[in-house]
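Visitor: I am new to reading structures, and I would like a close look at a single part. Could you take me through how its pieces are set against each other?

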Amino acid sequence: MGTALSLSQARRIALAAQGLDKGRPAGPVTSRTVGRTFARIQLVQIDSVNVLARSHFLPFFSRLGNYDRAILQQMAGRHPRRMLEYWAHEASFIRPEHFQDLVAWQKRAWVGASAMDPALRAGVTGLILDALAPGKPLTAAELTAVIGHVEDRKHVNWGWNWNAVKRVLEHLFEEGAVSCASRTDQFERRYALLKDVLPDPALTAEPEPQAALDRLIEAAARAHGIGTVRCFADYFRTPIKAAAVSVQNLVDSGRLEPVSVRGWDRKLFRHADARLPRAATGRALLSPFDSLVFERRRLEELFGFRYRIEIYTPAPKRRFGYYVLPFLLRDRLVARVDLKADRAGSKLLAKACFGEPDAPVDTAVELAAELQLMARWLELDEVVVSPAGDLAADVRAAIRGGGGQYPL
């Protein structure tokens, strides 16, 4: 059965694995610090919603506080690359060493041109590869113009209403033939041939499939610290049955240990390098797309926190708000807050603040300090707390009076 742990110990293992078990660095956050954090969590999810900040920026704020977002742009846009776009949990920045392992196991044909007329796809593919051959990265719109592609868009109702060029590009991206060299200010991908994005042949060699999956599942287990086969498979969105084989391989090799956790009644495994801190002392607002909250069942079983993203829920049916961030305090998720960055007014808007039923007495004070830290990071002048939510009045009072154990 393995080591027996309490639920509190399991939470601390999970938080330590994600770099959320203690306070932020006291000094300036360097590119090395950001790189270490990325190596710890393995990936960050990309999402187009920008109501607060781009989703891939937020996990680093949660763990590091006030850091320079330009560091991520450098990591993703300069050689040697330390971050690369590909499909993982969803569209994500991944570590380049995981790229070919993911190509071997990710099957996202639906995002591209698999259903396109074969002759049209072949013709557009050839034109795209020829246009990218000189090495200059181009957006889908730029490629459409360069190859002179024209089509009737009046009656198209496919997916995101992409034209044939964009569909073929996404197909080539999924296959690993092209990659994303950078993003425009409008967050459009600039595509390039894979060899121009990852020139190191060691990073583009085709792997043996089982070894590839073993590496992905171990990376997921390391990022989790503790979890189930489903947790580990979900991290990179790999097949559960195949992931179970990798988990057994990792148990056999001593990289994973079966454990039991009182109150978490599923078959669980702990990574061999997972730390168990004596206490968790951190504080963080977590993105809806943070890797700690990826797997909702795990979140509920481990933290007793039921969480659903309500972005796509009609406004009258939303319970907590549009862009709601869970608030972590020490080893518990104690509140949630609906946030929006009013860039024109230079305000961070807390549109609703809700405490969990068993939230500790210092929740409002610590949340207020966290909101002020986030406003500073986003270069906003003021935090405005609306009256919605049972915690709102106390958070507003704490902001007016100052407080929180961490300095801004």
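**A helix pair, then a strand**

Guide: In this predicted model, helix α2, which covers residues 31–41, packs with helix α4, residues 70–77, at an angle of about 70 degrees, and their axes lie 10 Å apart. In general, two packed helices are described in just this way, by the angle between their axes and the distance between the axes. Because angles of 65 to 115 degrees count as roughly perpendicular, α2 and α4 are therefore roughly perpendicular to each other. The crossing that α2 and α4 make is right-handed. If you look for the residues that meet there, α2 brings S31, V34, G35 and F38, while α4 brings I71, L72 and M75.

β8 and β9 form a hairpin in which two residues stand between the strands, and G263, in the turn, has a positive phi of about 95 degrees. Strand β7, residues 226–227, also pairs with β9 in the antiparallel sense, over two bridges, and here the bridge partner of I226 in β9 is R270.

Key:
Residues numbered from 1 in each chain as written. Predicted model: local features only at pLDDT ≥ 70, side-chain atom pairs only at ≥ 80, totals over all residues. Heavy atoms only, no water. Axes fitted to C-alpha atoms, helices over the stretch in contact; angles between N-to-C directions. Helix = DSSP H or I, 4+ residues; strand = E, 2+ residues; numbered from the N terminus. Parallel < 35°, antiparallel > 145°, perpendicular 65-115°, else oblique. Left-handed = near helix turned anticlockwise from the far one by under 90°. Contact = heavy atoms within 4.5 Å. Pairing = 2+ DSSP bridges.
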